[in-house]
Every structure is written in C-alpha cells, then in structure tokens.
Amino acid sequence: RDGLLYLKQAYLIAEGSWKEGLALYPWPLFSILIAIFHKLTNLHLQVVAHGLDLALFGIAALFYLKTLHLIYNKERQIIFYGGIVLLTFIPIMDDYVGMVLRDHGLWAGCMMGTYFYFVYLKDKAFKNNLLWQLSFAFAGLFRPEAFIFLLLTPFFNIYCRHKEIKIWSNKVSVTVNF
C-alpha cells in the first residue's frame, strides 16, 4: 500500500502539484527522488522507484561488507563470508522485490553511518565524524526513526569514553578504546 502512495505522490510532484503531493504523505524524500529521476529520464515511475531501491540496496550491501572488512582487520575471507550471509537473505529479500519501499534508503544511510562511525573511532578525524552524522541524517530523510542514532550515539561515546570493548574474531583480538 505504501508503495502506491509513494508513486502517487511522485506523480503529483512530477506534474508540479507539490501541495497536493505533500498532503498525501508527510515524509516525501523518496517520492521527490522518484519524481526527479522520472523527469530526467522519462522512465516510468515504477521503473525509477525500483532502480532507486536497487541502487540504495547496493549502497547498503557495499557498506555492510566494508564494515565487516574494517572490523575484521581487512581479512579478505570475511568479504566472502559476509557475501554468503547476504545471499542467505535472498528468500526474505524476494518478498521486497515487487514492492516500492523507502526502507532501502534507511538501510543505506544506517550502513554508511555505521561504517563511518567505526572509522571515526579508529582515527578521530573530523571528516569521518561528520560523515557518520550525515549518513544517519540521510537515513532519517527516508524514515524518521533513523534520527534516534544521531541522538544516542554521542551518549554512547560519553558512556564508553574510558571503557575498552574487546571484539574477538577467530584469529584476531581487537581492542577499541573510546
């Protein structure tokens, strides 16, 4: 049902009826993106929506694998195992293939945010601090519940400031100081 609403909202926005389109649904970024790419490419709204979902899912999968690679000290085999885990979710993902969902934007933003947060913990660079925050804000533009990460993560940093968390893998022990 929501997918039809996004497509209807995108249609109204593409036709210039912003007021009517925004009245349909209060969180319009996904529909705005569909409308913009529809106008740029002249592809059908549903094709554009599925293309956006596919691109956002690809970003989420890429940053999932990058996060695994970072956590496991760049061991090459983790990418293989992480890919296997992704492939085991194909039956679940098949249920989503025919749907138009804004959830893919949430997943992409959260996976990017997680990756840049871990990089920030490692190097304390301002750039990575800004990137994890912008990534979670991006996720929040698709689904507002993602904004909770922007609120909770700084409190997590304060709580863990003087603690050590040990992450164990098969061969490597990683200690993260907060």
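The chain exposes about 11,100 Å². Carbon and sulfur atoms supply 67% of this area. The model is predicted. Of the 178 residues in the chain, 38% are buried.

The secondary structure comprises 9 helices and 2 strands. Along the sequence, the elements follow the pattern α-α-α-α-α-α-α-α-α-β-β. Among contacts with a separation of 6 or more, 52% join residues 24 or more positions apart.

Two packed helices are described by the angle between their axes and the distance between the axes. Helix H1 spans residues 2–14, and helix H4 spans residues 45–71. Their axes come within 10 Å. The crossing angle is roughly 115°, and the crossing of H1 and H4 is right-handed. On the H1 side, Leu7, Ala10 and Tyr11 take part in the meeting of these helices. Their counterparts in H4 are Leu45, Gln46 and Ala49.

A nonpolar patch lies on the surface. Its members are Ile148, Phe149, Leu151, Leu152, Phe155 and Ile158. Together these residues have about 620 Å² of accessible area. Phe149 is located in helix H9, which covers residues 147–159. The relative accessible area of Phe149 is 36%. Phe149 is therefore classed as partly exposed, because this class lies between the 20% limit for buried residues and the 50% limit for exposed ones.

Terms used
Residues numbered from 1 in each chain as written. Predicted model: local features only at pLDDT ≥ 70, side-chain atom pairs only at ≥ 80, totals over all residues. Heavy atoms only, no water. Patch = residues over 30% accessible without salt bridge, like charges linked within 9 Å, V, L, I, M, F, W, Y side chains within 5 Å. Areas by Shrake-Rupley, 256 points an atom, 1.4 Å probe, with all protein chains shown as cover. Salt bridge = Lys/Arg side-chain N within 4 Å of Asp/Glu carboxyl O. Helix = DSSP H or I, 4+ residues; strand = E, 2+ residues; numbered from the N terminus. Buried < 20%, exposed > 50% of the residue type's maximum accessible area, 1.4 Å probe, protein only. Axes fitted to C-alpha atoms, helices over the stretch in contact; angles between N-to-C directions. Left-handed = near helix turned anticlockwise from the far one by under 90°. Contact = heavy atoms within 4.5 Å.
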